[in-house]
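Here is a short tour for a reader new to this structure. Keep the sequence and the 3D view open while you read.

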Amino acid sequence: MRPEDMMARAAQVLRENDMGGWTRASPTLYPHQWSWDSAFIAIGLAHVDTGRAAEEMRSLLAHQWKNGKVPHIVFNPEAPPESYFPGPEHWASAAEGEASPSTPARTSGLCQPPVHAIAALRILKAAEARGEGVIEARKFLREIYPKLLAWHRYLATRRDPEESGLVTIFHPWESGTDNSPRWVPALERVEVGEMPGYERPDLNHVPDPSERPTGYEYDRFIWLVEVIKRVGCDEATLYETSPFLAKDVLASAILVRANEVLLDIAGLAGAPEDDRTQIKAWIERGHRGLNERWDPTLGLCLDYDLRAGEPLVSRTIAGFAPLIAGSADRLKTLLGILDSHAFTGSPDLRWPLPPSTSPEDPGFHPRSYWRGPVWPVMNWLLWWSLDMCGERKRAALLRDHTLAQLSDGCFGEYYEPFTGEALGSNDQSWTAAVALDWLAGKP
Ligand code: 9WN
């Protein structure tokens, strides 16, 4: 597929998933607006229409909770109840609590990794590169700055009362890498209690159930939703009671970078010095926290199970957290691991692209979601981080190989690492968005 054709197709995918001011994550599997998907989608849209890109984020942030939380899903009121589980009815009781946004409650009670500030600034950069919509983009950044600050404050306080610099999650869905081996030992410790039966519409939208999380995992996912709902999503109570309580190094690294970007946005917004001092302190704390989670044997950063009081040992792309956070002292080791057989160096791979879980990890499964498949959106995050670290050549290769993979025109959600087959949902919005960003050139 020629680059101009791929670009046109990617823009078409985003148009077809456009629900009027917001974009569904995919045509059938995900009929709602997801938090971090939306941010990546805005990055793609920025190359087409500044106003529409800003609107994507505005519509998500309109549902921000009073305590600053940006919900992981904003539900589409028009999606039939049987289209996704757990849907708005399931979350209703929890989403009508004190901290939730104004009624009718249309969100889940969870959150996802904070890529939003990164996306917001990229809207401006893309507008500047196109020489169009710059004033609008600057206005948009000034407008959303307080919301982004409140979001980061929420993560730095309610999700880190220990001031460790690391974000606590109450549910694997909050990591965005749901069934990753990252969470296996912590999930195994969760005892599922009494709860109503449920159906899984997600299985109707993939050709093979092995591409999605297992029934064992789903029972725990849905039970944890129950646990969170029962306490009205109250963070302090969940700290005491939740059977799943983990520090997420990927979300924490993203937060470090997002805080760096927030400093730039604070500058544009003419924010008070106090804000900047606070943001800088969060950045420092984040680096410190990640440093403590470094595993010298694996040469990767590891999540931490607060309930069990032990590191969660696995070899996944989340281990590259210090690279994403821009910690210079880990760069050389991480690049070595990235190039090694454990990630992109195996000659058996269809493309030298990092599987979500290393084929050398015991939890690896080449077709199962976050257990092995290559996720184009994660490649974007790594590409962006490598570029920021000055690793331009390596970044360009990662981009070019991902684009080669995407030339099948499917815009798959994820890809089998050895065969290159598109898996999960086709026409996945964030896949199209990152392709668009790459094809449009450097903003
Ligand atoms: C649960 C929408 C989302 C992504 C997540 C991905 C998947 C949902 C699901 O899809 O999660 O949030 O139903 O499997 O894991 O990263 O945001 O694309």
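## A loop residue to start with

S242 sits in the loop that runs between α9 (235–241) and β4 (246–248). The model is a predicted one. Is S242 buried or exposed? S242 counts as buried, because 21 C-beta neighbours lie inside 10 Å. Setting aside neighbours within four places in sequence, S242 is in contact with F170 and V227. R307 is 65 residues away from S242 in sequence, and the two C-alpha atoms are 8.6 Å apart in space.

## Two helices side by side

Now turn to a helix pair. Helix α3 spans residues 50–61, and helix α6 spans residues 134–157. They pack at an angle of about 10°. Their axes are 10 Å apart. Angles under 35 degrees count as roughly parallel, so α3 is roughly parallel to α6.

Which residues make the contact? On the α3 side they are T50, G51, A54, M57 and L61. On the α6 side they are E136, A137, F140, I144 and K147. Sorted by class, the contact of α3 with α6 has 6 nonpolar, 2 polar and 2 charged residues.

## The core

The largest nonpolar core has 128 residues. Which of them have the most contacts inside it? They are F40, A42, A119, A120, I123, A321 and A433.

Leaving out neighbours within four places in sequence, A120 is in contact with M57, L141, I144, L148 and I265.

## Around the ligand

What surrounds the ligand? The shell consists of A25, Y30, W34, W36, D37, H72, W173, G176, D178 and D202. By class, the shell residues divide into 5 nonpolar, 2 polar and 3 charged.

## Backbone features

Next come some points along the backbone. F85 and P86 are joined by a cis peptide bond, with omega about 0°. P86 has its place in the loop between β2 (73–74) and α4 (88–91).

Y369 is not a glycine, yet its phi is positive, about 55°. This residue is found in the loop between α13 (331–339) and α14 (376–388). Y369 counts as buried because it has 25 C-beta neighbours inside 10 Å.

F411 also has a positive phi, near 50°, and is a residue other than glycine. Its loop lies between α15 (392–406) and β9 (414–415). Is F411 buried or exposed? With 26 C-beta neighbours inside 10 Å, F411 counts as buried.

E413 lies in the loop between α15 and β9. E413 counts as buried, with 26 C-beta neighbours inside 10 Å. Which residues does E413 touch, not counting those up to four places away in sequence? They are S26, L423, G424, S425, Q428 and T431.

W380 lies in helix α14. W380 is buried, with 24 other C-beta atoms within 10 Å.

D264 is found in helix α10, which covers residues 249–269. Why is D264 called partly exposed? It has 14 other C-beta atoms within 10 Å. A residue is buried if 20 or more such atoms lie in that range, exposed if 12 or fewer, and partly exposed in between.

## Sequence and space

The table sets separation in sequence beside C-alpha to C-alpha distance for some pairs.

| Pair | Apart in sequence | Apart in space |
|---|---|---|
| S242 and R307 | 65 residues | 8.6 Å |
| E413 and L423 | 10 residues | 6.3 Å |
| W380 and L353 | 27 residues | 11 Å |
| D264 and D400 | 136 residues | 29 Å |

Notes. Residues are numbered from 1 along each chain as its sequence is written. This is a predicted model: local features need pLDDT of at least 70, side-chain atom pairs count only at pLDDT 80 or more; totals for chains, interfaces and linings use all residues. Axes are lines fitted to C-alpha atoms, for helices over the stretch in contact, and angles run from 0 to 180 degrees between N-to-C directions. Helices (H or I, at least four residues) and strands (E, at least two) are DSSP runs, numbered from the N terminus. Angles under 35 degrees count as roughly parallel, over 145 as roughly antiparallel, 65 to 115 as roughly perpendicular and the rest as oblique. Two residues are in contact if their C-beta atoms, placed from the backbone, lie within 7 Å. Ala, Val, Leu, Ile, Met, Phe, Trp, Tyr, Cys and Pro count as nonpolar, Asp, Glu, Lys and Arg as charged, and the others, Gly among them, as polar. A residue is near a molecule or strand if its C-beta atom, placed from the backbone, lies within 6 Å of it. A nonpolar core is a set of buried Ala, Val, Leu, Ile, Met, Phe, Trp, Tyr and Cys residues joined through C-beta atoms within 7 Å.
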